[in-house]
Amino acid sequence: MMETTSFTVPDITVRKNVGLDHAADFTLPQPLERYSAEDHQTWATLYRRQCEMLPGRVCDEFLAGLEALAIDADRVPDFARLNLKLAAATGWQIVAVPGLIPDEVFFEHLANRRFPVTWWLREPQQLDYLQEPDVFHDLFGHVPLLMNPVFADYLQAYGLGGMKAKDLGALPLLARLYWYTVEFGLIDTPQGLRIYGAGIVSSKSESVYSLDSDSPNRIGFDLLRIMNTRYRIDTFQKTYFVIDSFQQLFDATAPDFTAYYRQLQGVAAHAAGDVLPQDRVFHRGSRAGWAETDDI
Ligand SMILES: [Fe+2]
């Protein structure tokens, strides 16, 4: 996941990184010797649970990437081994980082086809949820789609766009695009809606909720609509946006965003759960169980 403003380094990140140094670009050699037997066991549990959940739910491109990478089922993968396959397929690399990193560093990595992956793993009591991204979220959730050439290009373009957005003061708008696509996106297929967002794919409960629950909205992808829509970081999403294809996503986001940012300047953002008259509605949410607190 990416963060969008200044942040306090979470306790678990501090604890896991004691004694480790990182370079100016926040990368460090993956400290393989720090993974305990318990870590590998936790990885195996998470991997098994998600793989049981995903057939018929996740898009074919994700499954193809997972298979081609041969991501380890029983231990935290060695990044160097995955990088050989990534480099050959799309020219991407994964780099180990201590945890969340500053926006400008994150964008610079993406722009250079490097995906920052938090090296450490959640603890057994956090199987179902932790607020910070860990190696399971970052690697299992994000990396399989980096094997897909169109998605791989989209993510690099996003990084280049991020570097520009920062100068234009438009980061909150661009962050919503990342959130509603890379993290929580759904895709329409002839077999029905499927998941591609890493935030969903790496969560057992949201893998079910996002597709099966009556509660959330499922609305067709619309770039400006998304950039003007708030979101949730503390609950499941109230709205999921559905793309028709990765090519649609790439094409819609190819133009320079400067004019879009100008258009949205000073316009009140939609609430996370709003349904608008012009929306292409796949499913109108029942709103059951929605949190009353403010969206981000
Ligand atoms: Fe993420």
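Predicted model: local features only at pLDDT ≥ 70, side-chain atom pairs only at ≥ 80, totals over all residues.
**View 1. Packing of helix α7 against helix α8.** Helix α7 covers residues 149-168 and helix α8 covers residues 171-183. Their axes lie 9 Å apart and meet at an angle of about 165°. Angles over 145 degrees count as roughly antiparallel, so α7 is roughly antiparallel to α8. The crossing of α7 past α8 is left-handed. On the α7 side, the contact is made by F151, Y154, L155, Y158, G161, G162, A165 and K166. On the α8 side, the contributors are L171, L174, A175, L177, Y178, T181 and V182. By class, the residues of this contact comprise 11 nonpolar, three polar and one charged.

**View 2. The largest nonpolar core, with the surroundings of W43.** This core holds 84 residues, and W43, L139 and L177 touch the most other members. Helix α8 supplies the largest share of the core, nine residues. Leaving aside residues up to four places away in sequence, W43 touches I71, D72, A73, D74, R75, V76 and P77, among others. The contacts of W43 also include L121, V135, F136, L139 and F140.

**View 3. I187 in strand β3.** Strand β3 spans residues 186-189 and contains I187. The relative accessible area of I187 is 3%, so this residue is buried. C59 is 128 residues from I187 in sequence, yet the C-alpha to C-alpha separation of the two is 7.3 Å.

How values were computed: Residues numbered from 1 in each chain as written. Heavy atoms only, no water. Axes fitted to C-alpha atoms, helices over the stretch in contact; angles between N-to-C directions. Helix = DSSP H or I, 4+ residues; strand = E, 2+ residues; numbered from the N terminus. Parallel < 35°, antiparallel > 145°, perpendicular 65-115°, else oblique. Left-handed = near helix turned anticlockwise from the far one by under 90°. Contact = heavy atoms within 4.5 Å. Nonpolar A, V, L, I, M, F, W, Y, C, P; charged D, E, K, R; others polar. Core = buried A, V, L, I, M, F, W, Y, C linked by side-chain atoms within 4.5 Å. Buried < 20%, exposed > 50% of the residue type's maximum accessible area, 1.4 Å probe, protein only.
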